[in-house]
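Here are my notes on this one, jotted down as numbered points. Have the viewer open while you read.

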Amino acid sequence: MAHLLFLREDEPLVEYRLRPGRTSIGRADTCDVALPGAEISRTHCIIDGDGQSWVITDRSRHGITIDGKPTAHATLTDGSVVTLGPYTIEVRLSRAEARPTEDVVAGRGHELILATDDGGLLVERPWVVVTAGPDEGRRYPINAARQSVGSPPSDIPLSDPDIHPNHMLLRLSRGRVMVEPGQGAAFLDGQRVREITPLYADDELSIGSSVLRIEHASLDEHPAASRFGEMVGDSPVMHQLFGTLRRFAGHHFPVLISGESGTGKELAARGVHDVSVRATGPYIPINCGAIASNLFESELFGHEKGAFTGADRRKDGAFHKAGGGTIFLDEVGELPEGAQAKLLRTLESGEVRRIGSTSVTYPDVRVVAATNRDLPAEVRAGNFREDLFFRLAVLSVRIPPLRDRIDDLPVLCRTLCSALHPECHVTDDAYQVLNRHRWAGNVRELRNVLTRAYVLAGPRIDADALSFHDLGTLPTQQPADALTLGQAERTYITGVLSQVNGNRSAAARVMGIARSSLHYKMRKLGID
């Protein structure tokens, strides 16, 4: 597996994995590897390859050397040393690496290597800081390839009444921040942004009545992040989790995410993809528990035309579709034994063979898996292959249940409410009720409770608007046996009907079900 190790004065900077096609190296933001310095041309050199052989071509005014000799065009070999300006590139075409680099390169996907006044280097991460407007003083990390800025439900939500959802977009490419026009007007240096435009430190953007500035903080300066992808949390345990996931995102090893149902395992998997260097590649989710065992091989590895009855054309499997990106195997603990063996074979060899084919391919895919089962216990019980477990759990992390991070309720409620309505909010008395609930369904249950309360009571959610389907663990002021599930559903439906003055069509739309389904439920529950 081909890699380039970049060094300056024998200090490792970053490791870059070569993929088939063209790789550009230079000073420009559009290069695959962007290096600062006056001795580096905008596009200094390019490397072309098919995965087996690699050729480098000089495109600069300053020139390059290979193994000490000036070169304009040459074939790279294992161990070649390329010099351009103050940088050295060690070429490794085999699986062995030149030196241990994990601590150096971990998490570099969205960081920037900058030259300092004394000729040294500084590794920094970009942030958006609100310098004027209703959210003045707030800071947001730019840690995904593309983030929207504007009113909720934007990725970076602002409370400015003069802006729209997805008002503008921020792109992050190899540490460089760029602004992209969105649904509203954004101004840079007094000029409206009409195309993708690079942003630099201290540049200020005006949107609505807010002013935003781009800053870069060195890694030992930036505060603990309260967000990872779509996951949020202010508790120490979540800050630690987000840091671990970011470190995992900087590598290509398999990741196993465990946790109870509703904790956000799929959001964590998506975040690992979005923060990684694979963010521009495909993300292919597969629910292993929803695939019949006889179809599993075709879904993952594809088939040739005529391979079996009904195979009327050639089909790519999930591993082919995820080439250059990430495949997410949700509920991997549900795989039957036969499917486990087939998946293990691919993970061990990297080979993907379509059903009915005699040839194999080697798609460049990172595997992220998730389960709500105790896989070590499943291994001990003989229900899950031990060798497959260790293949999947190279990097593993557990997402804590909501009851173990109850301090995150305020930030979770704010985030979930903003997605329902800009004015939706939870009152203090409602927080007291939410704090006492056991949350067997975790964040998913919290989302459902808030959604139900918003539908029934409107944007102000107080204690009286809350209802729980987990009736055995209701707060103490409500008797545990006061309602059955049918009675709770009856109360919900009659409440919605009351809101819409008995209009059954309107009630069905509010509940998101067909009118015929509503009629059936009303007859079943005895609602006149």
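Is T263 buried or exposed?

1. T263 is buried, at a relative accessible area of 3%; here buried means under 20% relative accessible area, exposed over 50%, and partly exposed in between (1.4 Å probe, protein chains only). You'll find T263 in the loop between β26 (255-258) and α3 (265-275). Helices (H or I, at least four residues) and strands (E, at least two) are DSSP runs, numbered from the N terminus. Leaving out residues up to four places away in sequence, T263 touches M231, I399, P400, P401, R405 and N442, where contact means heavy atoms within 4.5 Å. A polar atom of the T263 side chain also lies 2.8 Å from the backbone oxygen of E260. That is a polar contact: a pair of N or O atoms within 3.5 Å, where within protein one must be able to donate a hydrogen and the other to accept it, and residues adjacent in sequence count only if both atoms are side-chain atoms.

2. Before going on, a word on provenance: this is a predicted model, in which local features need pLDDT of at least 70 and side-chain atom pairs count only at pLDDT 80 or more, while totals for chains, interfaces and linings use all residues. Residues are numbered from 1 along each chain as its sequence is written, and side-chain values use heavy atoms, with hydrogens and water left out.

3. Now the overall picture. The chain has 14 helices and 32 strands, and 48% of its 528 residues count as buried. Of the contacts between residues at least 6 apart in sequence, 56% join residues at least 24 apart. The chain exposes about 25500 Å², with carbon and sulfur atoms supplying 47% of that; the areas come from the Shrake-Rupley method with a 1.4 Å probe, and for residues only the protein chains shown count as cover.

4. Strand β1 (residues 3-8) and β2 run antiparallel, joined by six bridges; two strands pair if DSSP finds at least two bridges between them. F6 stands opposite V14 in β2. Two residues sit between the strands, and E9 takes a positive phi near 50°. Strand β2 (residues 11-17) is largely enclosed by the rest of the structure, because five of its seven residues are buried.

5. The structure holds five aromatic pairs. Rings of Phe, Tyr and Trp (its six-membered ring) pair if their centres lie within 6.5 Å; planes under 30 degrees apart count as stacked, over 60 as edge-to-face and the rest as tilted. F228 and F242 are stacked, at 6.3 Å centre to centre with 20° between the planes. This pair links distant parts of the chain, with F228 in strand β24 (residues 227-228) and F242 in helix α2 (residues 236-249), 14 residues apart. Both F228 and F242 are buried. For F389 and F390, the ring centres are 5.3 Å apart and the planes are at 70°, so that pair is edge-to-face. F389 counts as buried at 15% relative accessibility, whereas F390 is exposed at 53%.

6. Last stop, S349. It is found in helix α6 (residues 337-349) and is partly exposed, with a relative accessible area of 33%. Its side chain reaches the backbone oxygen of R345 at 2.8 Å. S349 and Y362 are 13 residues apart in sequence and 8.8 Å apart in space, C-alpha to C-alpha.
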